Amino acid sequence: MPGARGAIRCAHGARPAECSRAGAEQGRRAHPDPVPVRRRRPPQASHGVQDMATAKPAPAKKAAAKPARTPNAAFMKPLTPSPQLAAVVGAAPLPRTEVVKKVWEHIKAANLQDAANKRMINADDKLRAVFGKPQVTMFEMTKLINAHLK
């Protein structure tokens, strides 16, 4: 087999023909008969895998009770909306998160999301005064709302 001869190598990795010639030319002893290099992977251990029929259910772990999360004070600080934004969310001071929620309620109620691309919001008359343009992305909307809060 011509392909099998290519896989036969000496112990240091040279082909048998190269190794014999090189050793004879330099006056060194030629290597013994070449041995095919065949590396095998050791058999893998089972790592504790059990048969499904004999496997015992794992004991239930009790989760440690986590303390209640306290909201970030910067997000909960009531901010006063501008007159243009107050037409949408009301004039009462609200946290930034509540303002965004109320704007989304207005968008959903008036069906202002673009039908083809839901990330785009088509502004009605009230929102056009806040956004300053007829269509914005939902990510840009938050930036534009923040400009109307003090």
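This is a predicted model: local features need pLDDT of at least 70, side-chain atom pairs count only at pLDDT 80 or more; totals for chains, interfaces and linings use all residues.

Mentor: Let's start at phenylalanine 131: beyond its neighbours within four places in sequence, it is in contact with Ile121, Ala123, Val136, Met141, Leu144 and Ile145.

Trainee: Which residues touch the most other members of the largest nonpolar core?

Mentor: That core has 19 residues, and the ones touching the most other members are Leu85, Val103, Leu127, Phe131, Met141 and Ile145.

Trainee: And which elements give two or more residues to this core?

Mentor: Four helices do: α4 (83-89), α5 (96-110), α6 (125-131) and α7 (138-146). As a general point, nonpolar side chains tend to be buried together in soluble globular proteins.

Trainee: Switching to charges, how many salt bridges are there?

Mentor: The count comes to three. In one of them, lysine 101 pairs with glutamate 98, with the closest N and O atoms 3.6 Å apart.

Trainee: Where do those two sit relative to each other?

Mentor: They are both in helix α5, and because lysine 101 and glutamate 98 are three residues apart, about one helical turn separates them. Lysine 101 is partly exposed at 48% relative accessibility, and glutamate 98 is partly exposed too, at 31%.

Trainee: Which residue does lysine 133 bridge to?

Mentor: Glutamate 140, with the closest N and O atoms 2.4 Å apart. Lysine 133 is partly exposed at 32%, and glutamate 140 is partly exposed at 23%.

How values were computed
Residues are numbered from 1 along each chain as its sequence is written. Side-chain values use heavy atoms; hydrogens and water are left out. A nonpolar core is a set of buried Ala, Val, Leu, Ile, Met, Phe, Trp, Tyr and Cys residues joined through side-chain atoms within 4.5 Å. Buried means under 20% relative accessible area, exposed over 50%, partly exposed in between (1.4 Å probe, protein chains only). Contact means heavy atoms within 4.5 Å. A salt bridge is a side-chain nitrogen of Lys or Arg within 4 Å of a carboxyl oxygen of Asp or Glu.
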